[in-house]
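Open the model in your viewer and keep the selection tool handy. We will go from stop to stop, and at each one I will say what to select and what is there.

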Amino acid sequence: MRATLTALWGEVRKGLLISWTYKANMLVSILTLGFIFVGIAFFMGGGELDPERIASSLVGYLVWMYVVQAISDLTYGLRGEISAGTLEQLEMSPAPAGLLLIGRVITNFTITTLQVALMATVMRLLFNVRVSWRLEALPALLLTLVGVLGFGYLLAGTMLVFKQVESFSNLMNNALAFLNGTFLPVSAMPGWLAGISMSLPSTLGIVVIRGILLEGKTLADTWYEGSLGWLAVNAVLYLVVGIAVFWICERAAKNRGSLGQY
Amino acid sequence: MDSEQKTIAVSGLSKTYRRANGEQVHAVKDLDLAVPPGCIFGFLGPNGAGKTTTIKMICGLVKPTAGEIRVNGLDVWQKRSQAMLQIGAVLEGTRNIHWTLSAWDNLIYFGHLKGLSGQSLTRRAEDLLKQVELWERRKDLVRVFSRGMQQKVAVACALIADPPVILLDEPTLGLDVQAARTVKDLIVCLARDQGKTIVLTTHQLDMAQDVCDRIAIMSKGQTVTDRPTTELLDLFREEHYQFQVAGTLSSEAVSALEGMAIEENKGGILISGAIASHEQLYDLIAQLRSFDLDLLSVNPVEPNLEEIFVHLVDNHARQPEVEA
């Protein structure tokens with residue numbers, strides 16, 4: 001157990017060090033995300049920025065940033081490790097490789113939290129977008145990330161076998177931005193689209209977090225109204241299915257001898 | 001010898017891949033290997049012979065279709081976690097390490113992956129970086145290193161948990177002469193001074209001849225030979241002779257020497273070729289004398305691993321495929 005935790009810490013530390021190497025890229029990336037958000041907000045506001053309306057989109061957008069970073073790292077990041085041959089070294093750790101991927105998500109959570117804090121501060125200073133940040137939203141965010149981790153496992157497993165899933169990853173990232181209720185509330189979607197939206201790994205998380213941060217609900221309120229419960233079910237389902245798919249794909253890659261191929 | 005006495009014991013190992021068209025490819029067929037402790041084991045063969053697949057099966061990265069692999073008595077697939085602590089590997093054709101980390105951070109990272117932490121890890125990392133003469137450059141990102149330095153970091157990372165077994169798949173590939181020599185010296189040092197068991201695949205046969213205690217040659221997924229290096233060389237030394245003679249070769253003599261190489265040199269005529277037995281050797285000497293040739297010297301030819309390799313692999317390639 002201690003060895004596994006040490007290996008997990010090794011993954012987190014490595015991720016943070018590599019991110020620091022690419023700090024300039026990260027800054028440009030946060031600027032890009034900021035410009036895109038402001039652009040969409042202007043477009044949706046018919047050329048005006050309404051701070052109250054933007055706050056709702058901003059919460060969704062910030063949650064989406066966590067999702068995008070996690071998914072990208074578990075696909076593009078893993079692909080990079082495959083081509084560098086470091087994935088095979090990771091697989092030679094006494095700790096299970098699948099478990100070590102959690103280290104990547106922890107690293108992403110840390111880095112994305114810094115990016116989110118920066119973006120929220122800039123939005124407040126430039127556009128007076130106010131969100132009452134409360135720690136009570138953290139469990140909902142963590143539950144959302146559990147679901148995203150499961151979705152990431154699913155993509156990572158698929159990557160081990162089929163290799164080229166970056167396009168699918170891009171598709172998912174963009175689809176999530178427009179279907180998870182960030183800009184268009186789920187209640188405004190047609191029934192069939194709302195069904196798809198609610199089944200995605202981040203939509204319920206955004207609903208619960210918005211309720212806590214913008215509507216002043218408590219965690220208990222979200223539990224009683226059902227959204228937190230459904231978020232938990234959604235997260236556990238994604239995690240279980242994701243782990244199962246990853247495990248099957250990892251075995252298939254070892255059987256095919258394609259683990260280190262790209 | 002009993003598999004328990006061997007650091008690496010491979011028995012009945014096979015790997016069959018299925019192509020998209022359904023065709024089966026036997027990458028490794030019923031392979032047996034036994035590598036004693038402290039041995040530098042050369043694993044040679046042409047491209048596609050099955051060396052890398054075998055190495056990856058020993059590392060637990062490719063699942064065998066059949067057979068068993070034990071490292072220090074631990075089954076690689078049944079007792080994976082413990083077996084992985086016995087092995088350090090530098091695999092072919094990839095970086096193996098993170099180029100965007102410093103040499104120091106790479107060693108710490110791979111140490112963590114093996115479950116090491118604290119002072120024991122930092123001390124080990126320091127020792128290894130000093131051993132590979134990169135201590136002064138420890139804070140530099142690996143991407144700015146030369147290829148040879150990067151390979152030295154990769155070898156150091158493979159050694160971080162002080163594993164008794166090191167698997168090196170083409171460790172000198174793409175290195176210049178000097179860097180290859182450094183890696184070669186490091187390999188010898190690891191086995192002779194630290195008692196590591198090393199499995200080495202390489203196409204540099206002169207290096208294999210220099211450093212390996214035992215050599216297995218693979219072709220088409222099977223071992224063609226698996227012997228101590230000296231025994232392998234002796235076997236061919238006994239079979240090849242050179243005769244230095246003075247005089248003129250008659251046409252009768254030339255036809256009698258069919259199959260032997262004949263060339264003129266400063267001392268007269270040099271005749272060389274394979275002699276199957278001592279009786280045949282004595283017969284040939286008598287025959288040369290009967291042609292009025294002065295026999296100046298008879299010497300066994302110093303064999304070269306490259307020639308042996310080509311001879312064995314070519315012979316094996318000419319044999320018809322036998323389905324298991």
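Throughout this tour, two residues are in contact, or touch, if their C-beta atoms, placed from the backbone, lie within 7 Å. Keep in mind that this is a predicted model.

**Stop 1: a proline in chain B**

Please select B:Pro163, which sits in the loop between α5 (147–158) and β7 (165–169) of chain B. Is this proline buried or exposed? A residue is buried if 20 or more other C-beta atoms lie within 10 Å of its own. B:Pro163 has 21 such atoms within 10 Å, so B:Pro163 is buried.

Leaving aside residues up to four places away in sequence, B:Pro163 touches B:Leu85, B:Gln86, B:Ile87 and B:Gly88. Next, pick B:Ala89 as well: this alanine is 74 residues away along the chain, and its C-alpha atom is separated from that of B:Pro163 by 9.6 Å.

**Stop 2: chain A as a whole**

You will find eleven helices and zero strands. The C-alpha trace of chain A spans about 55 × 40 × 35 Å along its principal axes. For 262 residues, a compact globule would have a radius of gyration near 18 Å, and the 19 Å of chain A agrees with that. Of these 262 residues, 44% count as buried. Among the contacts in chain A with a separation of 6 or more, 82% are between residues 24 or more positions apart.

**Stop 3: two helices inside chain A**

Select residues 51–84 and 137–162 of chain A, which are helices α3 and α6. How do they pack? The angle is about 25° and the axes are 9 Å apart. Angles under 35 degrees count as roughly parallel, and α3(A) and α6(A) are therefore roughly parallel to each other. Their crossing is right-handed.

Show the side chains where they meet. On α3(A), the contact includes A:Val63, A:Tyr66, A:Val67, A:Ala70 and A:Ile71. On α6(A), look for A:Leu145, A:Val148, A:Leu149 and A:Phe151, among others. The residues of this contact divide into 14 nonpolar, three polar and one charged.

**Stop 4: where the chains meet**

Bring chain B back. Here 25 residues of chain A are in contact with 29 residues of chain B. On the side of chain A that touches chain B, α1 (2–21), α4 (86–91) and α11 (227–256) each supply at least two residues. Which helix gives the largest share? That is α1(A), with nine residues. The residues of this side of chain A divide into ten nonpolar, ten polar and five charged.

**Stop 5: a helix pair across the chains**

- from α1(A): A:Thr6, A:Ala7, A:Trp9, A:Gly10, A:Lys14 and A:Leu17
- from α3(B): B:Asp105, B:Tyr109, B:His112 and B:Leu113

They divide into five nonpolar, three polar and two charged.

Technical notes. Residues are numbered from 1 along each chain as its sequence is written. Chains are lettered from A and ligands numbered from 1 in the order in which they are written. This is a predicted model: local features need pLDDT of at least 70, side-chain atom pairs count only at pLDDT 80 or more; totals for chains, interfaces and linings use all residues. Helices (H or I, at least four residues) and strands (E, at least two) are DSSP runs, numbered from the N terminus. Ala, Val, Leu, Ile, Met, Phe, Trp, Tyr, Cys and Pro count as nonpolar, Asp, Glu, Lys and Arg as charged, and the others, Gly among them, as polar. The radius of gyration is taken over C-alpha atoms; the globule rule is 2.2 Å times the number of residues to the power 0.38. A residue is buried if 20 or more other C-beta atoms lie within 10 Å of its own, exposed if 12 or fewer, and partly exposed in between; C-beta atoms are placed from the backbone. Axes are lines fitted to C-alpha atoms, for helices over the stretch in contact, and angles run from 0 to 180 degrees between N-to-C directions. Angles under 35 degrees count as roughly parallel, over 145 as roughly antiparallel, 65 to 115 as roughly perpendicular and the rest as oblique. A crossing is left-handed if the near helix is turned anticlockwise from the far one by less than a right angle, and right-handed if clockwise.
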